[in-house]
Amino acid sequence: MMERISRFLLLQFLVSFVSFSGNTQQENTIQQWLTDPVNAIFFKQQPTQLFGTIKAANTDPVISIDNAIRFQSMDGFGFALTGGSASNIIKLKPNERASLLRELFATDKNNIGISYLRLSIGASDLNKFVFSYDDMPEDEKDEELHHFNLGPDKKDVIPVLKEILAINPTIKILASPWSPPVWMKNNNSTRGGNLQPAYYQVYAKYFVKYILAMRKNGIRIDAITVQNEPLHPGNNPSLFMEAKEQAFFVRHYLGPAFQDAMLTTKIIIYDHNADKPEYPISILNDPDTRKYIDGSAFHLYAGNIEALSQVHEAHPDKNIYFTEQWIGAPGNFAKDIPYHIENLIIGASRHWSKTVIEWNLAADENQKPHTDKGGCTSCLGAITISKNKIIRNPAYYIIAHAAKFVRPGSIRIASNMVVGLPNVAFITPNGKNALIVLNNSTATRVFNIVSKNKQQSCQLAAGAVATFIW
């Protein structure tokens, strides 16, 4: 009997020892996922390496990670699910569509785990035609919004969203309007013009009805922006809205309307280029307006990404979001990936953004659909859907490098910048570290990653990007 007990205890000890050793080894390993466009390597996992203790100093530059210094939490990385994106996706055969959506939105080992989406409220310029949710015959109005209806979105955007939510129920969704119904505008056109003050209250109610209508479809809108690109009236559709107009609308109408409807949906202002940080700052300077506002959103078709920090420093209690950047067709992997990784994934995150959203998720081989006379004719989707063929374009890999590992709730942590090796680091909800590094120099670079008492020597070819996880 004693002999059996002794053998059992010995066996338990051995199992525990092996398990402990395995966990220790796992904790001292570092994974690497690599994209090297010049050598045609796209988001491929590299052999796992041991993350050893610090050895004798070498002359290679050091990227040092400090988990104790923490910045903003992240909401996620993703794409705009435009009406055009949804119309292309919905045309796929059910099994092909299910496979694609799992690849894009599932969070298991073989998928990239997109965690944030942007929608248009009504049509964007990447719809086949312009519409709002309350279009009326010429010279007619609907001030009570009796005719409000999600319309064309019920055919593609909403069905695709429901399939996405079945895969990832916690994905966050931001929605942005390109234009109100034309009968609310002073030029009675889908393009440009201003929102008439007489319809401010009606338009605020329009936002509320949209959020509630989406909720009835099982879709939670986490945030809205007041207007997409309010200083660019050239899109079709579009609306011109100066900062003072946006402030007045939020302060007196939109904010109170959300409050009265007991909505928790966040209100985000600006949603335009980084060259005008004074636009959101001027709105947030007013205490009666800022109390309704969660933060400011940015694009980078003009200005510098550092402007996001300027807004954060002026109002550090308000959030920053990066909501749009396009890649022009036909795309150039060797140029597009380094630029977007450096300025958006690394740059926007280092300058306080909680999101990075690329424009847009999907288009066909001709970059369609888009609206006439003001729609983007060369916006390359993250994926191209040509009949039943799926092509993965630069934006797919740009977002994958962050979305797969920097899950919602991750917190940006300190890492030093090294010339030629821009980088950003995070601690994830499961306690892992994730470091994204780009080699933007013209030659291969060797460098060290140092975290606590561990050190790893790494190498990146010119133009290559890697995500390291440990």
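The second largest cavity has a volume of about 40 Å³. A cavity here is a set of points, on a 1 Å grid over the protein atoms alone, where a 1.4 Å probe fits but cannot get out, and lining residues have an atom within 4 Å of a point. Grid points are joined across faces, edges and corners, and a volume is the space filled by probe spheres set on the points. The model is predicted, so local features need pLDDT of at least 70 and side-chain atom pairs count only at pLDDT 80 or more, while totals for chains, interfaces and linings use all residues. Residues are numbered from 1 along each chain as its sequence is written, and side-chain values use heavy atoms, with hydrogens and water left out.

The lining of this second largest cavity includes Thr82, Leu126, Asn360, Ala362, Ala363 and Pro369. Helix α2 (83–90) and strand β14 each supply at least two of its lining residues; helices (H or I, at least four residues) and strands (E, at least two) are DSSP runs, numbered from the N terminus. By class, the lining has five nonpolar, five polar and no charged residues. Ala, Val, Leu, Ile, Met, Phe, Trp, Tyr, Cys and Pro count as nonpolar, Asp, Glu, Lys and Arg as charged, and the others, Gly among them, as polar.

The whole structure holds two cavities of 30 Å³ or more. The largest has a volume of about 50 Å³, and its lining consists of Ile30, Gln32, Pro47, Gln49, Gln456, Cys458 and Phe468. Two or more of these residues come from each of β1 and β21 (454–460).

Strand β1 (residues 29–36) also gives the largest share, three residues, of the lining of the largest pocket. A pocket is an open set of points with protein on both sides within 12 Å along at least five of seven lines. Of its 23 lining residues, Gln31, Lys404, Phe405, Asn430 and Ile469 are the closest to the centre.

The second largest pocket has a volume of about 290 Å³. Of the 16 residues that line it, Ser87, Lys128, Phe129, Asp156 and Pro369 are the closest to its centre. Its lining has seven charged residues, with five polar and four nonpolar.

Phe129 also belongs to an aromatic cluster, along with Phe131, Phe148 and Tyr206, among others. Rings of Phe, Tyr and Trp (its six-membered ring) pair if their centres lie within 6.5 Å; planes under 30 degrees apart count as stacked, over 60 as edge-to-face and the rest as tilted. This rule gives 28 aromatic pairs. Phe129 and Phe131 form a tilted pair, because their centres are 5.8 Å apart and their planes stand at 55 degrees. Phe129 is partly exposed at 48% relative accessible area, whereas Phe131 is buried at 7% (buried means under 20%, exposed over 50%, partly exposed in between, with a 1.4 Å probe and protein chains only). Phe148 and Tyr206 pair edge-to-face, because their centres are 5.4 Å apart and their planes are at 80 degrees. Phe148 lies in the loop between β7 (116–121) and α4 (157–167) and Tyr206 in helix α5 (residues 200–216), so the pair ties together parts 58 residues apart in sequence.

Strand β14 brings us to an open sheet of three strands, with order β14-β15-β16 and mixed pairing. Two strands pair if DSSP finds at least two bridges between them. β15 (residues 383–386) and β16 pair antiparallel over four bridges, and Ile383 stands opposite Arg392 in β16.
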